[in-house]
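I opened the model to look up a few things. These are my notes.

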Amino acid sequence: MTNKHSEIQSLDVIFDRMVEVMDHSKKDIFIISEQSRQSFEEMKVELEIIRGNIETVIIEGDMLEAKSKLSRNRLAEVSKNFDSYDEPQVRQAYETANEIQINLLIKRSEERQLRLRRDELERRLQGLLEMIERADHLVNQVNIVMNYLTSDLKNVGAALENAKIKQDFTLKIIEAQEEERKRLSREIHDGPAQMLANVLLRTDLINLTYQQRGGDEAMKEIIDLKTMVRNALSEVRRIIYDLRPMALDDLGLIPTLRKYITTIEEYNPKGKIDFQTFGEEKRLETNFEVAIFRIVQECLTNGTKHGKFTEATVKVEWLKQKINIIVKDNGAGFDPEVAKEKSFGLIGMKERVDLLEGTMKIISSPGKGTTILFSIPLNEE
């Protein structure tokens, strides 16, 4: 008995050490990722400055090119009519042409060096971006493993019949949480965070523009900056709305869906969505309304992101004992049998429908759009 207890303690020590090492590794990866992000942003600022310098050097080079042409014409005229000009005039024409030509060569050489530096920065930025993405992926994987290792599986033991189901269930929950966090992280990084980083970049450019081109050009940059900040605010509001639309609690399912579809059309003007509802609308339990809203949201998100539809239809039919929902689009379509095991979105929709004791049917094929039908039974009480 004592030996068994000692073995358990040893395993606990090994387990704790393993979790500690993984936690330190995650922090190290995060530090590397943040340092890479900082270098990425600094290089972006330098790249924009170099691009501005290239533009300036090209303009100056073109001006010197024009002056060089005039000076060569002048030199040719002096050489042709040598007897008509005295020695100082001939020397002046030669020296002027020679000086302009040297300045032109220097300017063209400067342009080549700037272009080489620009190309190098662009390659390094691409490498840093790939490193950041790999680091984010590693952190996400470590989070999944650590959460699984440190989760208290006993809390869900009563609801599961065996250890295999317990493991699959727990991993699915953790993966869902991490996937949602990853989605939000990407949306914030690609949206507001990127815009705010661009705001910092534009402030440096405004200062540079003011120094090189004057107040009028700088004011144009400030106006563009104001537009960028307004877009960032709009993007933050969209993310908040996607997390939990306030109208769902206040107005109910149908008004919220109508508002959400309008929002999608604003962000995706190429995709038109026809929303129709039939029968007497009802207020449902909160979990029903949230689940149905999320199902329709996932359908339209997939259709917009993957299907690239230009036209879609959402129909909601209210019956006495159930609610039928049809979401149809003319997008790229897919093979449901192939996507069934790989699409996290489809799995999530199926699970929501199952929780509501409903049915779900997918009709789709590559190049022929997608139709998804849901039927959710209603509790009359």
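I found Ile-31 in helix 1, residues 2–80. Helices (H or I, at least four residues) and strands (E, at least two) are DSSP runs, numbered from the N terminus. Ile-31 and Ala-135 lie 104 residues apart in sequence, and their C-alpha atoms are 9.6 Å apart.

I note that this is a predicted model: local features need pLDDT of at least 70, side-chain atom pairs count only at pLDDT 80 or more, and totals for chains, interfaces and linings use all residues. Residues are numbered from 1 along each chain as its sequence is written, and side-chain values use heavy atoms, with hydrogens and water left out.

Next, the cores. A nonpolar core is a set of buried Ala, Val, Leu, Ile, Met, Phe, Trp, Tyr and Cys residues joined through side-chain atoms within 4.5 Å. The largest has 36 residues, and Ile-273, Leu-300, Val-314, Ile-323, Met-349 and Phe-374 touch the most other members. Helix 7 gives the most to this core, nine residues. Another core, of 11 residues, lies apart from it and includes Ile-54 and Leu-121.

Last, I looked at confidence. pLDDT is the predictor's confidence in each residue, from 0 to 100. The protein's mean is 76, and 75% of its residues reach 70 or more. Residues 152–166 have pLDDT below 50. Where pLDDT is low, the predicted coordinates should not be read in detail.

Note on methods. Buried < 20%, exposed > 50% of the residue type's maximum accessible area, 1.4 Å probe, protein only. Contact = heavy atoms within 4.5 Å.
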